[in-house]
Amino acid sequence: MKKLLLIALTIPNFVLADEFKLICEGEESKYRNDVLENTSKISLKLQVRDDSILIDSMTYKSKTFDYGAVKGSSKYVKEDAQIVLETTQVSNDCDTSLLNVKLNRTSGMIETISKRIGTCDGSSFTAATKFKGKCK
């Protein structure tokens, strides 16, 4: 009887621990100083976990970090309706990288925006990549 009770108590944990993999196909647009440079069809590989997300072999989870010249933070939220990732990284107080990912779990639609703002050498530039697609 004790064994059955222990098994019954662990079943909800297995059901809630949902890790899954997705292939997202769509269109990627690259911008330089807000001017469109090119557009191409690409695929992204995602592995969604409870505490992190793996996007094309790069792992992201909620954390704050300070490695001296490189500081930043990531916020990862996995909900029933959507998955959101927001990251910010600043290098040498003059080069900023941002990444925002939104995945609608109902429709499978994904949007990502990756942006780099550089001002280290006295000049200023912005490079951005936007991806819109559908995940299966």
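1. Burial is taken here from relative accessible area: a residue is buried under 20%, exposed over 50% and partly exposed in between, with a 1.4 Å probe and protein chains only. On this scale C120, with a relative accessible area of 47%, is partly exposed. C94 has a relative accessible area of 15% and is therefore buried.

2. The model is predicted, so that local features need pLDDT of at least 70 and side-chain atom pairs count only at pLDDT 80 or more, while totals for chains, interfaces and linings use all residues. Residues are numbered from 1 along each chain as its sequence is written, and side-chain values use heavy atoms, with hydrogens and water left out.

3. The protein chain contains 1 helix and 10 strands; these are DSSP runs numbered from the N terminus, helices being H or I of at least four residues and strands E of at least two. Read from the N terminus, the order of elements is α-β-β-β-β-β-β-β-β-β-β.

4. Of the 136 residues in the protein chain, 29% are buried. The accessible surface of the chain is about 9,300 Å², and 55% of it belongs to carbon and sulfur atoms; the areas come from the Shrake-Rupley method with a 1.4 Å probe, and for residues only the protein chains shown count as cover.

5. Contact means heavy atoms within 4.5 Å. Among contacts between residues at least 6 apart in sequence, 38% join residues at least 24 apart.

6. There are 2 disulfides in the structure, a disulfide being a pair of cysteine sulfur atoms within 2.5 Å. With the bonded cysteines numbered in sequence order, the pairing is 1-4, 2-3.

7. C24 and C135 form a disulfide with an S to S distance of 1.9 Å. The pair links distant parts of the chain, since C24 is in strand β1 (residues 20-32) and C135 in strand β10 (residues 125-135), 111 residues apart. The torsion about their S-S bond is about 100°, so this disulfide is right-handed. Both C24 and C135 are buried.

8. The sulfur atoms of C94 and C120 are 2.0 Å apart and form a disulfide. Because C94 lies in the loop between β7 (82-91) and β8 (95-104), and C120 in the loop between β9 (109-118) and β10, the pair ties together parts that are 26 residues apart in sequence. The link of C94 and C120 is right-handed, with 90° about the S-S bond.

9. S52 belongs to strand β3 (residues 52-55). Its relative accessibility of 4% makes S52 buried. Not counting residues up to four places away in sequence, S52 touches Q47, T59, Y60, K61 and Y76.
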